[in-house]
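Q: Hi, could you walk me through this model? I'd like the terms spelled out as we go.
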Amino acid sequence: MTTDIRPLVEMRDIHISFGGVKAVDGVSIDLYPGEVVGVLGHNGAGKSTLIKILSGAYVADSGTVIVDGKEARIENARDARDHNIETIYQNLALADNLDAAQNLFLGREITDRFGFLNDAAMEHKAREVLHRLNPNFQKFASPVSALSGGQRQSVAIARALLFEARVLIMDEPCAALGVHETRMVGDLIAQLKQDGLGILLISHDLHDVFDLSDRLHVMKNGKLVGSVRTEDVTHDDVLGMIILGKMPQHLLHLAGPGATNIHGATLRPQDTETTGPTL
Ligand SMILES: Nc1ncnc2c1ncn2[C@@H]1O[C@H](COP(=O)(O)OP(=O)(O)O)[C@@H](O)[C@H]1O
Ligand SMILES: [Mg+2]
């Protein structure tokens, strides 16, 4: 445990309402480099709304977003990208009729000094990035509509990496995938973690994210139920948090009165000078 690691991202006391509905109601979460953090909760808990504030799709009514220790104004997707925050939505937002390389460079194509597209350079770079992520990836020339769910996910992640993502947000990454493909996405995530990215995995399904995550932030009805280290909890503990909206008993006595506070919940008594995760 070191004290010099600061979070890549902190969201503090975020509020946003739609009409009378408090979609996110005073939520604080954080994410450290080299860490995979699950954001869990039933449908309607406010997970997507929370991360849309980080990705610039919504602007919070109040609260603070801090990136690399500095307060960040994120009012649109471009601002998020400027802070090296990339989001992969469930539909992946790929252009189905284009191939992998074309998708990777969509909107920021490499051109030569005359302004013509440099297809060879783009394909070369696409192969390099995709092979690093997924050595079995072969279908460079096929439209992405012909790819499997896991391969499409690889293309979407590669696209984010080309934008120099340091924070990767994945909303329900495994929702449409079979067992094999889910494992493949798990391998991809493990590799990104090794590279020092911070990854937020949003899911309504505990089983999708439990094994991949170092920590879990659980939400219910727009509020943060608590944040826990995965190694400190069982599936049943987390199901209890999701369904009942309460911290597990055995973590309450460790964390004391700040149990629903993110730092309190992740602290053990010997860790009192630092709030960083075990890396
Ligand atoms: N654009 C919107 N307009 C109105 N209500 C919304 C909007 N987005 C989300 N909500 C509401 O906010 C709450 C949280 O939704 P959401 O963040 O999508 O939850 P989750 O991703 O956890 O399933 C829900 O009650 C949902 O109906
Ligand atoms: Mg959602």
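A: Happy to! One term to start: two residues are in contact if their C-beta atoms, placed from the backbone, lie within 7 Å. This is a predicted model, where local features need pLDDT of at least 70, side-chain atom pairs count only at pLDDT 80 or more, and totals for chains, interfaces and linings use all residues. Residues are numbered from 1 along each chain as its sequence is written, with chains lettered from A and ligands numbered from 1 in the order in which they are written.

Q: Thanks! What covers the buried residues of H5?
A: The cover includes S6, helix H3 (100-104), helix H4 (119-133), S7 and helix H6 (179-194). Helices (H or I, at least four residues) and strands (E, at least two) are DSSP runs, numbered from the N terminus.

Q: And how many of the residues of H5 are buried?
A: 11 of the 14 are, so H5 is largely enclosed by the rest of the structure. Among them are Gln151, Arg152, Val155 and Arg159. Buried means 20 or more other C-beta atoms within 10 Å of the residue's own, exposed means 12 or fewer, and partly exposed is in between, with C-beta atoms placed from the backbone.

Q: What comes after H5?
A: Glu164 follows, and its phi is positive, near 60 degrees.

Q: Switching to the sheet: in what order do the strands run?
A: Six strands form an open sheet, S6-S7-S8-S3-S9-S10, with mixed pairing. Two strands pair if DSSP finds at least two bridges between them. Strand S6 (85-88) and strand S10 (223-229) each have a single partner strand, so one side of each is left without a neighbour in the sheet.

Q: Which way do S7 and S8 pair, parallel or antiparallel?
A: Parallel: S7 (residues 167-171) and S8 (residues 198-203) share five bridges. Ile169 stands opposite Leu200 in S8.

Q: Which strands does helix H8 touch?
A: H8 (residues 235-244) packs on the sheet against strand S3 (36-40), strand S9 (215-220) and S10, and its direction makes about 25 degrees with that of S9. Axes are lines fitted to C-alpha atoms, for helices over the stretch in contact, and angles run from 0 to 180 degrees between N-to-C directions.

Q: Last topic, which residues surround ligand 1?
A: They include Phe18, Val21, Asn43, Lys47, Ser48 and Thr49; a residue is near a molecule if its C-beta atom, placed from the backbone, lies within 6 Å of it. Strand S2 (21-31) and helix H1 (47-54) each give two or more residues, and H1 gives the most, with three.
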